[in-house]
Amino acid sequence: MDDYSRRAFIRTSLPGFLGLTLALPGITALATRANACEGRVPEDGAIHWDAFLEAIAGEAGRQHLDDWDEPRYVARAAAIARRLDLRSTELEKAFETAKGGIGDGRVDFDHLEKREDFQISFVQFEKGEEIRHHDHPGMTGVLLCATGNIDVWNYDEVRPAADQKALLLKQTAKARLTKADVSTLTSKERNIHRLEARALTQLVDIFAPPYTRERVRKSRWFDVDEEEFEGREGVFEARVG
Ligand SMILES: [Fe+2]
């Protein structure tokens, strides 16, 4: 595990990054504890990193229960994320590390936490950088904009296109995120997205459940037509590739 330094992480591509996350339990293993107000988190106040982790852990841990409700989870996780104190020491370290990626012409990634039920990643875009259309098989995602300005388009798969090699994507959300804004996806809704930064942007991404070898293998990337399919508003033909 010592072969992987934080600097090494930030130099990798998204697929490479996802592969490396598989080894994470032995890499990060941060000692955490709820530390806001000696364990009591004020309802609307900013929360420190450790309290944030424990709050997310509490919500994400419910995914094993019969009454697990993804839309409710992402709404709660989004509310928690909006309260994260962006000056937390752990985030400051990530911001500092990410400086090394500025000017390298690619999106940069870092690991912040990985547990059984969720993982948290740090993603940095420079102006104009993008992550093309991709999905998150069986996963939820909560993206917190820590700094910057970024456009996020979300899509649902509506049905296979006629030739079977293609599929149709329906754009179901578009958001412009700035500091403390959040974008969410569930395994069923808005699961496919694309991101393009309008300025230097840093995101804190919460995935529940976390990436596994199987989920990385099932992840799909799409080449999507720019023109709408047969003139249908917000519908685009896409090919996996
Ligand atoms: Fe994504």
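Colleague: Which residues of helix 3 are buried?
Modeller: Bear in mind this is a predicted model, where local features need pLDDT of at least 70, side-chain atom pairs count only at pLDDT 80 or more, and totals for chains, interfaces and linings use all residues. Residues are numbered from 1 along each chain as its sequence is written. Helices (H or I, at least four residues) and strands (E, at least two) are DSSP runs numbered from the N terminus, and a residue is buried with 20 or more other C-beta atoms within 10 Å of its own, exposed with 12 or fewer, partly exposed in between, with C-beta atoms placed from the backbone. In helix 3 the buried ones are Trp49, Ala51, Phe52, Leu53, Ala55, Ile56, Glu59 and Ala60.

Colleague: How far apart are the end C-alpha atoms of helix 3?
Modeller: The expected span is 1.5 Å times one less than the number of residues. Helix 3 has 12 residues (49-60), so it should span 16 Å. The model agrees, with its end C-alpha atoms apart by 16 Å.

Colleague: What covers the buried residues of helix 3?
Modeller: Go by contacts, meaning C-beta atoms, placed from the backbone, within 7 Å of each other. The cover includes helix 4 (70-82), helix 5 (89-98), strand 1 (108-114) and strand 9 (201-208).

Colleague: What order do the strands take in the open sheet of 5 strands?
Modeller: Two strands pair if DSSP finds at least two bridges between them. Strand 1 and strand 7 (182-185) each pair on one side only, so they are the edges. With antiparallel pairing, the order is 1-2-9-4-7.

Colleague: Which residue of strand 9 is the bridge partner of Leu144?
Modeller: Strand 4 (residues 140-147) and strand 9 pair in the antiparallel sense over 7 bridges. In strand 9, the partner of Leu144 is Val204.

Colleague: And helix 5: what angle does its direction make with that of strand 1?
Modeller: Helix 5 packs on the sheet, touching strand 1, strand 2 (119-125), strand 4 and strand 9. Axes are lines fitted to C-alpha atoms, for helices over the stretch in contact, and angles run from 0 to 180 degrees between N-to-C directions. With strand 1 the angle is about 155°.

Colleague: Is Ala197 buried or exposed?
Modeller: Ala197 sits in strand 8 (residues 192-197). Because 23 other C-beta atoms lie within 10 Å, Ala197 counts as buried.

Colleague: What distance separates the C-alpha atoms of Ala197 and Ile150?
Modeller: Beyond its neighbours within four places in sequence, Ala197 has contacts including Phe125, Gly148 and Ile150. Ala197 and Ile150 are 47 residues apart along the chain, yet their C-alpha atoms are separated by 4.1 Å.

Note on methods. Contact = placed C-beta atoms within 7 Å.
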